[in-house]
Amino acid sequence: MTDEVEPGTVRPGGRTARVREAVLRAAEDALTEQGFAGLDLADIARRAGVGKTTVYRRWSTVTGLLADLLQDMAEQSVPRTETGSLLGDLKANALLVQRTLTDPRQGALFQALVAAATCDARTAAALHRFYDVRVREWAPCVQQAAARGEVPADTDAQEVIRAVSAPLYYRLLISGGPLDETAAVRAAEAAATAARAGAYTPDGRQSG
């Protein structure tokens with residue numbers, strides 16, 4: 001297997017699926033405890049209770065394993081919530097992000113993955129794919145709001161969704177500010193207000 005072969009492109013079944021699950025959970029544990037720099041496939045195999053050759057044969061490299069871990073995280077993500085209003089949907093999105101980032105395990109895991117992405121192109125690409133999936137999943141709530149007349153018809157739905165989570169990641173990774181429900185609701189309200197005003201249209205102004 002070479003580094004060019006993306007892991008996880010074929011969903012395994014039976015014992016192979018159980019091995020994948022065990023290895024991915026072991027990778028989460030190791031990443032949370034040690035960070036990217038401390039990751040080692042042999043250690044992950046030991047934690048998972050599987051043979052080293054199995055891990056090396058399937059994932060080849062640490063970055064290949066992280067790419068598969070991000071794919072698994074995307075598959076396990078909580079589905080989009082529909083409340084019937086733009087603000088309600090954006091608050092649901094913001095609160096989901098806030099709960100994830102403040103979870104003792106998930107928050108530490110995301111910080112480690114972001115750190116890994118800053119120094120490894122393959123992990124960065126996998127992280128970008130993960131967030132692209134999440135943004136595209138939530139974008140229909142903005143499209144539905146446009147259909148209801150809540151925001152201009154040419155609103156960039158994906159940019160609105162990005163605007164909701166960006167302040168929360170800033171608090172997690174940069175400022176260290178409180179990452180509580182108040183911050184999440186404020187981020188949703190700010191994005192909704194800007195969207196209604198046409199900030200996310202091509203010309204940045206309310207369309208007529």
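These entries record what I looked up on salt bridges and a surface patch in a predicted model.

**Entry 1: salt bridges overall.** I first asked how many salt bridges the structure holds. The count is 16. I kept in mind that side chains of opposite charge can pair when their charged atoms come close.

**Entry 2: glutamate 82.** I looked up the partner of glutamate 82 and found arginine 80, with the closest N and O atoms 3.1 Å apart. Glutamate 82 is exposed, at 51% relative accessible area, because exposed means over 50%. Arginine 80 has 22% relative accessibility and counts as partly exposed.

**Entry 3: glutamate 150.** I noted a salt bridge between glutamate 150 and arginine 148, whose closest N and O atoms lie 2.6 Å apart. Glutamate 150 is partly exposed at 24%, and arginine 148 is partly exposed at 39%.

**Entry 4: a pair in helix α9.** Which residue pairs with glutamate 159? I found arginine 162, the closest N and O atoms being 2.5 Å apart. Both residues belong to helix α9 and are three residues apart, about one turn of the helix. Glutamate 159 is partly exposed at 33% relative accessibility, and arginine 162 is partly exposed at 34%. I then recorded a network in which salt bridges with shared partners join Arg20, Glu21, Arg25, Glu28, Asp29, Arg58, Asp68, Asp72 and Arg105.

Entry 5: I returned to helix α9, which spans residues 157–175 and contains isoleucine 174. Is isoleucine 174 buried or exposed? Isoleucine 174 is exposed, with 60% relative accessible area. Together with Tyr170 and Leu173, Ile174 forms a nonpolar surface patch of about 320 Å² accessible area.

Note on methods:
Residues numbered from 1 in each chain as written. Predicted model: local features only at pLDDT ≥ 70, side-chain atom pairs only at ≥ 80, totals over all residues. Heavy atoms only, no water. Patch = residues over 30% accessible without salt bridge, like charges linked within 9 Å, V, L, I, M, F, W, Y side chains within 5 Å. Areas by Shrake-Rupley, 256 points an atom, 1.4 Å probe, with all protein chains shown as cover. Salt bridge = Lys/Arg side-chain N within 4 Å of Asp/Glu carboxyl O. Helix = DSSP H or I, 4+ residues; strand = E, 2+ residues; numbered from the N terminus. Buried < 20%, exposed > 50% of the residue type's maximum accessible area, 1.4 Å probe, protein only.
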